[in-house]
Amino acid sequence: CITKKEHEVSGKIIIHVDLTLENAVVNMNYTFDNFYINNKKIEGSVEKKRSRTNESGNPQSHIKRNIKIIWEGGSYATINGERIREWTDGKDNDLWGDNVFSVTGSSIITKRNGSVTSLHIKEPLIRTLACRFIISGVVQIEGNSKTSMLDYGNGECDDLATITNEGMSYEIHINRKKWQ
């Protein structure tokens with residue numbers, strides 16, 4: 001079938017859900033059965049654990065990804081990593097716009113050409129639902145024998161971030177573009 005964003009998909013995504021009521025935890029495991037997006041085969045798994053309360057008393061989701069994307073001809077890329085998203089503010093009322101989330105984690109991406117990029121969140125990424133952009137946090141990016149830092153700012157709602165590489169800093173715009 002064709003999705004709303006005009007991607008052609010086929011195959012199955014199998015979701016196993018395990019709900020534990022006594023400690024308010026939902027575990028979801030996603031696996032792929034002959035699944036394709038735009039003629040690229042997707043293999044691997046995604047594990048999600050959603051907890052009503054973490055050690056700080058906040059709702060939290062923990063996601064682990066182990067994905068392999070295979071192109072026609074056999075070349076492939078992999079994505080391995082984990083992310084923790086904690087709902088830190090606004091959970092105690094019915095107002096959606098004051099909700100604030102903190103995201104931590106890391107990933108390793110191996111591209112089709114064999115190059116490896118690692119991403120590590122050094123300072124939690126902060127997102128409020130009143131803004132469509134990440135408003136603060138720092139990500140360390142390592143690849144091609146270089147280390148860069150991506151700084152999302154001081155909490156203002158804007159599309160600006162600063163990338164620092166080899167002592168040089170550049171302000172960039174964070175845009176949401178449609179994936180091709």
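Which residues make up the largest nonpolar core? In this predicted model, the answer is a group of nine residues: Val9, Met28, Tyr30, Phe35, Ile42, Val46, Ile63, Ile67 and Ile69. A nonpolar core is a set of buried Ala, Val, Leu, Ile, Met, Phe, Trp, Tyr and Cys residues joined through side-chain atoms within 4.5 Å. Buried means under 20% relative accessible area, exposed means over 50%, and partly exposed lies in between, with a 1.4 Å probe and protein chains only. The elements that each give two or more residues to this core are strand S2 (25-37), strand S3 (40-51) and strand S4 (60-70). Apart from it lies another core, of seven residues, including Ile121, Leu125, Val139 and Leu150.

Residues are numbered from 1 along each chain as its sequence is written, and side-chain values use heavy atoms, with hydrogens and water left out. Because the model is predicted, local features need pLDDT of at least 70 and side-chain atom pairs count only at pLDDT 80 or more, while totals for chains, interfaces and linings use all residues. Strands are DSSP runs of E with at least two residues, and helices are runs of H or I with at least four, numbered from the N terminus. Two strands pair if DSSP finds at least two bridges between them.

S1 and S2 run antiparallel and are joined by eleven bridges; valine 9 has isoleucine 37 in S2 as its bridge partner. Four residues separate these strands in their hairpin, where alanine 24 takes a positive phi near 50°. S2 then pairs with S3, again in the antiparallel sense, over ten bridges, and methionine 28 stands opposite lysine 48 in S3. The hairpin of S2 and S3 has two residues between the strands, and asparagine 38 takes a positive phi near 50°.

Leaving aside neighbours within four places in sequence, isoleucine 69 is in contact (heavy atoms within 4.5 Å) with Lys40, Lys41, Ile42, Ser75, Tyr76, Ala77 and Ile79.

Five residues lie between S6 and S7 in their hairpin, and glycine 114 in the turn has a positive phi of about 95°. Serine 102 is found in S6 and counts as buried because its relative accessibility is 13%. Beyond four places in sequence, the contacts of serine 102 are Ile84, Arg85, Glu86, Thr88, Pro124, Leu125 and Ile126.

What does a search of the whole structure find in the way of salt bridges? It finds one, a salt bridge being a side-chain nitrogen of Lys or Arg within 4 Å of a carboxyl oxygen of Asp or Glu. The side chains of glutamate 43 and lysine 41 meet in it, at 3.7 Å from N to O. Side chains of opposite charge can pair when their charged atoms come close. Glutamate 43 is partly exposed at 30% relative accessible area, and lysine 41 is partly exposed at 23%.
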